[in-house]
Amino acid sequence: MSLGTITPSTFEFQEVHRFNNRPVEQDDRYVWDVDALIDGIVSGIEAATEFESEIDTVGIDTWGLDFGLLADGEMLRDPISYRDPKVTETRELLFEQVDRKRIFEATGISNWDTPNTLWQFHTLAHNEPELLGEADRLLMMPQLLATLLGGKATGESTVASTTQMVDPADREWATDLLEELSLPTDILPDLEEPGQRLGPLDATEIDGLSSTPELIMPASHDTASAVAGLPLSEDAAFLSTGSWFIIGCEQPEPIRTDGAFNSSVSNELGADGTIRLLKNINGFFLLEECREAWAETDVSADYDDLLSAAREAPARSSLVDPDADEFGIDGQMPEQIRAYCRKTSQPIPDGPGEIVRCILESLATKAAYALDELEAVADGDFSCIHLGGGGVRNELFCELLADSTGLPVIAGPVEATAVGNLLTQAVAVGTLADIESGRNLVETEFGVVTYEPTTTDGWEQTKRRLAELTAS
């Protein structure tokens, strides 16, 4: 969690608390431990009071896709994680009822590798209709957490747009599509734009506060906040790096052409009424799962050690498609990567350095390939890539990304999501006029590093290799 103090000309920022969050096993399912999340938020607010006892506003953003079900304000169960293998069991039945082109035309989402909320909702309606029948409200994760902390129960456009259940032009639920699929729409909340005031934080269990903060709804999808926190120029692309990579550009209107559909390009909603034209890539999840596996052995899982070993490993020896079905939460990721290379008749990475090199080069190549598709759909050329998130600290990845795309990579801020969240709060209370003025502030107040392409030879061939793997 982060604390920000913003004026029209200054932006003071510091991280005050960090806690682990990954799905936990419960009754043979992978779920989000909501009590632990609430405890982490409360601990973060208490940590912030060590620097500022009077906190004006609090805003919560999270990942997309996942949701909680409420009845009379009480949560019916911990939300199931999108990485749970069972959440999309009826996906093929869904596509028999409504084909993919119809879904894309209705929602602007053409991502078929991610367990979208629509697929989860459909599986829930078929496999657990009695649970769905008990619910009187469905809330996406950031609104669920805000409501449990005392806020008004409502919806928010940016995170709702990840569901594959929203019309990006109207910025409202695609109720016609949902009714075609016999999915209930009465439990869906009204959608609001970022900046809504949700009421006072329930501070009864929080120590150290000298005032009661107001809950503000930021751009509550973490990528929407991250993009809002990057000093984007008009012809720039963005890459938000975390367990997922989101690569794209801002557009004034959704693009729902055949080209966008065929390239699996999606339209998600951004701050200030923008559209984020983008593609999703399974990102540092692969690396983090490897580190988790190595931490259980005598192999060092330290980032510096792993990246140093990766620099010494052979370049572009083996590639994986990060979005392949083989890479999941079950099993040991290093062995999954080796098995994939074995199956595709490639050299098998030997040791952490070669595995990390394989992951980083595969991610850089997949990002470059996606960027080509986005340029074709948006009918324009990008001048640079603005990089936010954990990848900013990964110099090797930044260098590989610049080389693979042939574009300058402008890295920073690292905590782009927190920065964008704080900017939308500042706009909501009138401290800043709009997101653009906030981005100008970020450009002057935060240091960024530019990585120029140095070794671009051979990357077109590498992209072709990845395309063959993706198609197989």
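Visitor: How many helices and strands are there in the protein?

Guide: Welcome! This is a predicted model, and the protein in it has 18 helices and 21 strands.

Visitor: What makes the radius of gyration of the protein agree with a compact globule?

Guide: For 472 residues, a compact globule would come out near 23 Å, and the protein has 22 Å, so the two agree. Along the principal axes, its C-alpha atoms fill a box of roughly 55 × 55 × 50 Å. Buried residues make up 56% of the 472.

Visitor: Why is Cys341 called buried?

Guide: Buried means under 20% relative accessible area. Cys341 has 0% relative accessibility, so it counts as buried. Cys341 sits in helix H13, which covers residues 333–343.

Visitor: Which residues is Cys341 in contact with, leaving aside its neighbours within four places in sequence?

Guide: Among them are Ser318, Leu319 and Val320, and also Gln346 and Pro347. Val320 is 21 residues away along the chain, and the C-alpha atoms of Cys341 and Val320 are separated by 7.1 Å.

Visitor: Why does Thr123 count as buried?

Guide: The cut-off is again under 20%, and Thr123 is at 5% relative accessibility, so Thr123 counts as buried. You will find Thr123 in helix H4, residues 117–127.

Visitor: How do you know that the side chains of Thr123 and Thr90 make a polar contact?

Guide: A polar contact needs a pair of N or O atoms within 3.5 Å, one able to donate a hydrogen and the other to accept it. The side chains of Thr123 and Thr90 make such a contact at 2.9 Å, so the distance is within that limit. Thr90 is also one of the residues listed in contact with Thr123, along with Lys86, Val87, Thr88, Glu89 and Glu128.

Visitor: Why is Asp27 called exposed?

Guide: Exposed means over 50%, and Asp27 has a relative accessible area of 73%, so the word applies. Asp27 lies in the loop between strand S3 (24–26) and strand S4 (29–31). Its phi is near 55°, a positive value in a residue other than glycine.

Visitor: Is Ser345 buried or exposed, and what makes it so?

Guide: Ser345 is exposed, because its relative accessible area is 69% and the cut-off is over 50%. Ser345 is in the loop between H13 and helix H14 (352–378). Ser345 has a positive phi of about 60°, although it is not a glycine.

Visitor: What is the peptide bond from Gly412 to Pro413 called?

Guide: That bond is cis, with omega near 0°. Pro413 is in the loop between strand S20 (409–411) and helix H16 (416–428).

Conventions:
Residues are numbered from 1 along each chain as its sequence is written. This is a predicted model: local features need pLDDT of at least 70, side-chain atom pairs count only at pLDDT 80 or more; totals for chains, interfaces and linings use all residues. Side-chain values use heavy atoms; hydrogens and water are left out. Helices (H or I, at least four residues) and strands (E, at least two) are DSSP runs, numbered from the N terminus. The radius of gyration is taken over C-alpha atoms; the globule rule is 2.2 Å times the number of residues to the power 0.38. Buried means under 20% relative accessible area, exposed over 50%, partly exposed in between (1.4 Å probe, protein chains only). Contact means heavy atoms within 4.5 Å.
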